[in-house]
Amino acid sequence: MLSWSKDPIRKPMLVISDKALKKDACELFKLVQMYMSDRKAKLGSTLTTVALEICHLGYSKPPLRDELYIQICRQTTENPRRESLRRGWELLAICLAFFSPSPKFQPYLDSYMNRHRDPGFDFLEVGKWPIHVQISHYATVSCKRLDRIGHTGKKSSRKPSVEEIDQARIFRPSMFGNTLQEVMVLQKERFPHRKLPWIQCTLSEEVLRLQGAQTEGIF
C-alpha cells in the first residue's frame with residue numbers, strides 16, 4: 001500500500017531485476033526513514049550527511065532514482081507525524097536539486113507534487129508556521145525544481161557536495177542558489193516590508209557606504 005510506514009521494506013517498491021540494486025533499494029528506504037526521523041540515525045550522522053548519502057546513491061545509480069522518489073511519495077502519504085512529513089518534503093526538494101526521475105515516472109511525480117500545492121494539505125495550525133516549512137510551499141518549490149531538471153528542463157544531473165546539500169534545503173533560507181521568486185518568498189518572514197531582494201539592498205548600501213559610487217571600475 002502506498003502510504004507511510006514505520007517499518008522497513010523487504011523488497012523494492014518498483015520492479016528491479018538486479019540483485020545488488022534490490023539490496024540498495026531497501027537500504028535507501030532506511031536512509032529515507034532516518035532523514036525523516038522515523039528511524040534512529042547512525043552514530044555521528046547528521047541530516048546533511050544522511051541527505052548526502054541518499055543523493056549520492058541517486059546520482060551514481062540512476063536505476064534507483066524512480067525507486068527513491070516513489071519511496072518519498074509513500075512516506076509523505078498519510079504520514080501522522082508532522083516533523084516526519086516536513087522532512088520528507090524537504091528531502092524530496094533536495095533530491096530534485098541534483099537529479100530527475102525517469103521521463104516515464106516524471107508525470108506521476110509532477111502530479112503528486114502539484115496536488116500538494118493546495119494549502120488544504122497543510123496542517124490545521126500551519127498558519128502559525130514560517131512559510132518555508134509549509135507543505136504547500138515545499139511542493140511548489142519541488143515542482144519548480146522538477147521543471148528545471150526534468151527531461152525537458154535545462155539543468156543536468158550533478159553530484160552533490162555537503163555545501164550544496166545545505167544550499168538545497170528550503171528550510172534554511174538563503175539568498176544564493178535560488179530563483180528571484182524563491183528568494184522573495186524566503187525573505188518574507190524576516191523582511192516583510194522589503195520589495196527588493198535583501199541581498200541586493202544590502203550590497204548596494206555597502207557600496208554606497210564605502211564611497212563606491214565615486215570609484216571607477218568597481219564592477
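Analyst: Let's start with F105, which counts as buried because its relative accessibility is 10% (buried means under 20% relative accessible area, exposed over 50%, partly exposed in between, with a 1.4 Å probe and protein chains only). Before going on: this is a predicted model, where local features need pLDDT of at least 70, side-chain atom pairs count only at pLDDT 80 or more, and totals for chains, interfaces and linings use all residues. Residues are numbered from 1 along each chain as its sequence is written, and side-chain values use heavy atoms, with hydrogens and water left out.

Now the rings. Searching the whole structure turns up three aromatic pairs (rings of Phe, Tyr and Trp, its six-membered ring, pair if their centres lie within 6.5 Å; planes under 30 degrees apart count as stacked, over 60 as edge-to-face and the rest as tilted). One of them is stacked: W89 and Y112 sit 5.7 Å centre to centre, with 5° between the planes. This pair links distant parts of the chain, with W89 in helix α4 and Y112 in helix α5, 23 residues apart (helices are DSSP runs of H or I, at least four residues, numbered from the N terminus). W89 is buried, at 0% relative accessibility, and Y112 is buried too, at 3%.

Back to F105: its partner is Y108, and their pair is tilted, at 5.2 Å centre to centre and 40° between the planes. Y108 is partly exposed, since its relative accessible area is 33%. As for K104, you'll find it in the loop between α4 and α5, and it counts as exposed because its relative accessibility is 80%.

Notes:
Helix = DSSP H or I, 4+ residues; strand = E, 2+ residues; numbered from the N terminus.
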